[in-house]
Each structure stands twice: as C-alpha cells, then as structure tokens.
Amino acid sequence: MREKQAFAGLWAYNGEIKVNNELYRGLARSFGMAEAAFWVLYFLRMARDGLTLHDLCGCLYQSKQTVHSAVKQLEAEGALRAETGTDRRTRTFTLTPRGAQMAEATVDHVIDAEVRAMMEMDEAELAAFLRLFRQYNQALKREFGEKL
C-alpha cells in the first residue's frame, strides 16, 4: 500500500514539476529570450554583486558550454560586463546599464511574482514546503549515491 501511495505521489510531483518548468520556459519565450539567457539574467539580478561562470553553472544546473553560450549572447547584446578577478582565469559577470534595463523589463517581474506567490503561504507553510522539498532531495541523493 505504501509503495502504491509513493508511486501516485511521484506521478503527481512529476506533473507539478513539469508545469513549473513550462511556466518558466514560457516566460523566457514571451520575453524573446533563450531559456539559459533568461536564467543567467535572473540569477545575476538576484545575486546583485555579480557571479563567475562557475557560480552561474551552479545556479542554472547547466553545462559550462550552455551557460558560456548564454553569457556570450548577453555580452553581445551589451547586457553583461566581465571583470577579471584576482585569478586571471576567473571573470565575474555583472549587469551593464542595458542589462539592468533588460532585467527590469523581464526577470524583475518574474521575481516579484515569485515573491507574491511565496507570500500566499504563511510562515509555517513556507517553512514546511522548503523543509519537505529539501528532505526529498536529500533522500534522492542518498538513493542515487555514487551515480551522481
């Protein structure tokens, strides 16, 4: 019985994740942006202080090539500026004034909507939502073990 409930829960969860993914994919399309470029702009806006390529790869959970391509696209559009760090191989990306304008017209609306959606949960609900999601991810990491 427990396995049947778990399977039904997995089916429902996967459906919700797909809905969530499609929401963001659709937003990126509606802004005329590639999905990876949308997320680079999003995370640079959230970080405020700039991020390295390594940081961006960690935020997006995408390959270095995918993120690098998105960064190059945004640089070509004049949205990003790259600054060399203390290590010559490390560059930190920040938004240019043009990038800040792009963010205001796109991802700022998304972030505002996300905050309002989170505010629909009370403090206990939000804490439970995050705790349970972390618990599920930790259980998956244990299950997958060496495969990761």
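**Figure 1. The surroundings of Asp 108 in the predicted model.** Leaving aside residues up to four places away in sequence, Asp 108 touches Arg 45 and Ala 103; contact here means heavy atoms within 4.5 Å. With Arg 45 there is also a polar contact, side chain to side chain, at 2.8 Å. (A polar contact is a pair of N or O atoms within 3.5 Å; within protein, one must be able to donate a hydrogen and the other to accept it, and residues adjacent in sequence count only if both atoms are side-chain atoms.) You will find Asp 108 in helix 6, which covers residues 107-119. Asp 108 counts as buried because its relative accessibility is 18%, where buried means under 20% relative accessible area, exposed over 50%, and partly exposed in between (1.4 Å probe, protein chains only).

A quick note for all panels: this is a predicted model, in which local features need pLDDT of at least 70 and side-chain atom pairs count only at pLDDT 80 or more, while totals for chains, interfaces and linings use all residues. Residues are numbered from 1 along each chain as its sequence is written, and side-chain values use heavy atoms, with hydrogens and water left out.

Figure 2. Three strands form an open sheet in the order 1-3-2, with antiparallel pairing. Strand 1 (51-52) and strand 2 (80-84) are the edge strands, each pairing on one side only. Look for Thr 84, which stands opposite Arg 91 of strand 3. Helices (H or I, at least four residues) and strands (E, at least two) are DSSP runs, numbered from the N terminus.

**Figure 3. Thr 94 and its neighbours.** Thr 94 sits in strand 3 and, at 15% relative accessibility, is buried. Beyond residues up to four places away in sequence, Thr 94 touches Asp 49, Gly 50, Ala 79, Leu 80, Arg 81 and Glu 83. Ala 37 is 57 residues from Thr 94 in sequence, and their C-alpha atoms are 14 Å apart in space.

**Figure 4. The largest pocket and its lining.** The largest pocket holds about 1400 Å³ of space. Its lining has 29 residues, and those closest to the pocket centre are Asn 20, Asn 21, Tyr 24, Trp 39 and Phe 133. Helix 1 (2-30), helix 2 (35-47), helix 3 (53-60), helix 6 and helix 7 (123-144) each give two or more residues to this lining. The largest share, 9 residues, comes from helix 1. (On a 1 Å grid over the protein atoms alone, a pocket is an open set of points where a 1.4 Å probe fits, with protein on both sides within 12 Å along at least five of seven lines; lining residues have an atom within 4 Å of a point. Grid points are joined across faces, edges and corners, and a volume is the space filled by probe spheres set on the points.)

**Figure 5. Cys 57 and Cys 59.** The structure holds 0 disulfides, a disulfide being a pair of cysteine sulfur atoms within 2.5 Å. The closest cysteine sulfur to that of Cys 57 belongs to Cys 59, and at 9.3 Å it is too far for a bond. Cys 57 is buried, with a relative accessible area of 15%, whereas Cys 59 is partly exposed at 28%.

How values were computed: Two strands pair if DSSP finds at least two bridges between them.
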